[in-house]
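Me: I would like to learn how to read a structure like this one. Please show me the model, then take me through it.

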Amino acid sequence: MSDIQTAFITTTDELAALCARLSTEEFVTVDTEFMRERTYYPELCLVQLAGTHDVAVVDAQAKGIDLAPLGVLLAKPDVVKVFHACRQDVEIFLLMFDAVPLNLFDTQVAAMVAGFGDQVGYDALVQALTGGHIDKAHRFSDWSARPLTKAQVDYAAADVTHLRTVYERLMARLRVDGRMDWVGQEMAALADPDTYRVNPERAWERLKLRTGNKRQLAMIQAIAAWREREAQRVNIPRQRLVKDEQIPEIAALAPETADALAKARGITSGFAQGKSGQSLLAVIAAAKALPEGDLPRTEKPRDLPRASPALVALLKVLLNAVAEQNNVAPRLVASSEDIETLALGEAEGNAALEGWRGEMFGRDALRLIRGEIALSAQGKRVKIVEVAGRGEA
């Protein structure tokens, strides 16, 4: 596509004409450039699009431009929208159009199915499948600054031009290997809007904190949920509002006044006395007033069953062996949590036992646990062998 001139789109009419042409394509490659260092929500700066005869960089911040034609294109079910590592791009479009692009394809996920390793980078994938190289000179550009240079526009456009070849060659490889159904299952998760939406009530889980104090846990949950909503309201990064490590300290202090809140590490008097500080104090007061029966349940680590570390390690050897044999990324086949629950004998709802994962790994994992198969080093590889001389699996 090097002979196609890149169009720099700055008006709604230009965008509508482009999207009308692209709507007749079998697939369209898509990328975005955005800024998020100073905001909670991503600030969309550019949208890059490429079809068979079009390469365009859309200035999302051009005065008066309406991106509605792009939303119409992304909603067309008969046009595949090809991204690489799409989650942040899709989050932007979900916020903008209240819908996930239909018929979505992520080359990073497909590359894991095709044997390119865990979360392969775009540069590495381009080099492996096309022999091309990505110029990294403008990777850290301020995409919100105007005017953009020709070099910046060319850099942005290159992401979607190389992506067309990457997609075509990945698809050919997946068809030959008979793995199109595998990819389809992975794309289904990416098509779910809940994949991208943050539930403030579960924000505390990312802190990975443990406490046996129910009241303090209620405080932590309430403060984390408040931080998420407040960061959204004022549109600043959650860590800039209140850092992770400050949350348990504030919960332990359980302040009732602005002066008491200001004693927490990193909390200024101005913040404590302002709108955000006052709303935080109200949340803390509500958590302190919760009846005992409404407090969250706390984990008791000593009561939790623990999987045998040796069995977990053995299952991981099996996972790596079958992943190597089938040339697929192990992380895509089973997560650490899947392995742990299998080792505990908990099979219900385990993703590693479903679909192609079950065929490749899950069934053998259960057989290994039951002692029906064993693992043997043969040459430079690990092989599955039947127990009691029943031959190689």
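Reply: Start with burial. Buried means under 20% relative accessible area, exposed means over 50%, and partly exposed lies in between (1.4 Å probe, protein chains only). Here 44% of the 393 residues of the protein chain count as buried. This is a predicted model: local features need pLDDT of at least 70, side-chain atom pairs count only at pLDDT 80 or more, and totals for chains, interfaces and linings use all residues. Residues are numbered from 1 along each chain as its sequence is written, and side-chain values use heavy atoms, with hydrogens and water left out.

Me: How many helices and strands does the protein chain have?

Reply: Helices (H or I, at least four residues) and strands (E, at least two) are DSSP runs, numbered from the N terminus. The protein chain has 17 helices and eight strands.

Me: What share of contacts links residues 24 or more positions apart?

Reply: A contact means heavy atoms within 4.5 Å. Among contacts in the protein chain with a separation of 6 or more, such pairs make up 62%.

Me: Which residues does a cis peptide bond join?

Reply: Arg 146 and Pro 147, with omega at about 5 degrees. Pro 147 sits in the loop between α5 (122-130) and α6 (150-177).

Me: Where is Asn 103?

Reply: In the loop between α3 (87-97) and β6 (104-106). Asn 103 is not a glycine, yet its phi is positive, about 60 degrees. Its relative accessibility is 36%, so Asn 103 counts as partly exposed.

Me: Is Ala 254 buried or exposed?

Reply: Buried, because its relative accessible area is 16%. Ala 254 lies in the loop between α10 (246-253) and α11 (258-261). Its phi is also positive, near 45 degrees.
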